[in-house]
Amino acid sequence: MIFFFFQVVPLLTIIAAALVYSGGGMLIPHSLLWGQHAATTKLCSMGYIKCGEPDMDSSVEHRALHDILKLQSDGGIRNFQKSYLPESVSLCGDPERTIEQNRDGLGFGLKLLSPYNPVTMPKAEVAANNFGLMINSNSSSSEYVMVYIHGGGFAIGSPEAALGSIIDFSEGIGHTGPVLACRYPLSPETKMPGILAGTAACVDHMKSLYPNKKILLAGDSAGGSLILYLHRGSVLKEGKAVADGYLLISPGIDLSITFKETVDPLLTKDLWNIMAENFLPAMEPEGAKYWSPSFFSDKELANLPHTWMWIGGADPLAEAQVAFSKRFPSIKTFNNNHHFHDGILFYKWYPSDMKPALAAAMP
């Protein structure tokens, strides 16, 4: 079982676990090399390196993992991606690159971390009016449908990049009905409330397609924030929740924080600063606190439906997530101290994390 685990888990999953468990230690278990092998195999299948060539021998694998464990966070990941991945790739944010390059890089990273290879990944349809990607559109096996809102600091990400993780998450929680992976406009090209309006259009589209079904909203990081924005707007306008249940994965609860150094290999300080540089101007004139659910009043968050919130203990936003969840009895949390920001989206080995989700959001 352990041998199989290290064969199939992608490289950055191994990195994340190593960062948390090792505390930056210098010893590298030999079994970690299987994670490196899985990553290079996937790079080959995606066409980024030539197949069948010894692109990384064991000494290079050791050095890459050594660099990451030693430097941790920003420095380690950046050193790895510059030394061992294609020139265009910026997995966790690079301040020397444009927002478009960072978007491409994150898209690459999500596909690398996805449990699916492009050839084997289930197919999705382009939704009407380009609202996103539809999965299982003809399924009638569930009494509810899901709208999934991807993360990326309002500035990065797309349904295409996140598709493998969204499908894996849906399957993991046991949802077999239709899913819309929402496409919404990004900052800095679009400002608030335009970003929010694009998200609301996805929800309205699913309500029109499935008028007799319950609506479940799921989102990670900024996607979780957008769900709570939609809730606030619906409560203030109509006095009710925008949907029947919410699944929030590492939601951006406080966007006004001063970001500190972190061992989280996904949400690094550099990546946060790149996203903030692009989304904070889009939130004016109200500012970041207005768009931070931590500062929403109880009135603005009234009638919060059954909600499941997943919290990664290494996530620099975890403290705000925990404090927010304690305000509302309708929120059930799953706090995994050994995972990182959005970590649940990149694992095939977390069934205990997944089981409570659907029951908590749609009891």
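This is a predicted model: local features need pLDDT of at least 70, side-chain atom pairs count only at pLDDT 80 or more; totals for chains, interfaces and linings use all residues.
## Packing of α8 against α9

Helix α8, which spans residues 194-209, packs against helix α9, residues 222-238, at an angle of about 80 degrees, and the two axes lie 10 Å apart. Because angles of 65 to 115 degrees count as roughly perpendicular, α8 is described as roughly perpendicular to α9.

On the α8 side the contact is made by I195, L196, T199, A200 and V203, which meet L226, Y229 and L230 of α9. Sorted by class, this contact of α8 with α9 comprises seven nonpolar residues and one polar residue, with no charged residues.

Three helices, α6 (99-113), α7 (159-173) and α10 (269-279), each contribute at least two residues to the lining of the largest cavity, which by class divides into nine nonpolar, eight polar and two charged residues.

The second largest cavity holds about 80 Å³ of space and is lined by 13 residues, with G153, S221, A222, L255 and W272 lying nearest its centre. Both α9 and α10 supply at least two residues each to the lining of the second largest cavity, and α10 gives the most, with three residues. The lining of the second largest cavity consists of eight nonpolar and five polar residues, with no charged residues.

## Cis peptide bonds

Most peptide bonds are trans. The bond from S187 to P188, however, is cis, with omega near 10 degrees, and P188 is placed in the loop between β4 (179-182) and α8. A cis peptide bond also joins E284 and P285, where omega is about 10 degrees; P285 belongs to the loop between α10 and β7 (307-312).

## Positive phi values

Most residues other than glycine have a negative phi. With a relative accessibility of 41%, N130 counts as partly exposed.

S221, a residue other than glycine, has a positive phi near 55 degrees and is found in the loop between β5 (214-220) and α9. S221 is buried, because its relative accessible area is 11%, and buried means under 20%. S221 is also one of the residues that lie nearest the centre of the second largest cavity.

Terms used. Residues are numbered from 1 along each chain as its sequence is written. Side-chain values use heavy atoms; hydrogens and water are left out. Axes are lines fitted to C-alpha atoms, for helices over the stretch in contact, and angles run from 0 to 180 degrees between N-to-C directions. Helices (H or I, at least four residues) and strands (E, at least two) are DSSP runs, numbered from the N terminus. Angles under 35 degrees count as roughly parallel, over 145 as roughly antiparallel, 65 to 115 as roughly perpendicular and the rest as oblique. Contact means heavy atoms within 4.5 Å. Ala, Val, Leu, Ile, Met, Phe, Trp, Tyr, Cys and Pro count as nonpolar, Asp, Glu, Lys and Arg as charged, and the others, Gly among them, as polar. On a 1 Å grid over the protein atoms alone, a cavity is a set of points where a 1.4 Å probe fits but cannot get out, and a pocket is an open set with protein on both sides within 12 Å along at least five of seven lines; lining residues have an atom within 4 Å of a point. Grid points are joined across faces, edges and corners, and a volume is the space filled by probe spheres set on the points. Buried means under 20% relative accessible area, exposed over 50%, partly exposed in between (1.4 Å probe, protein chains only).
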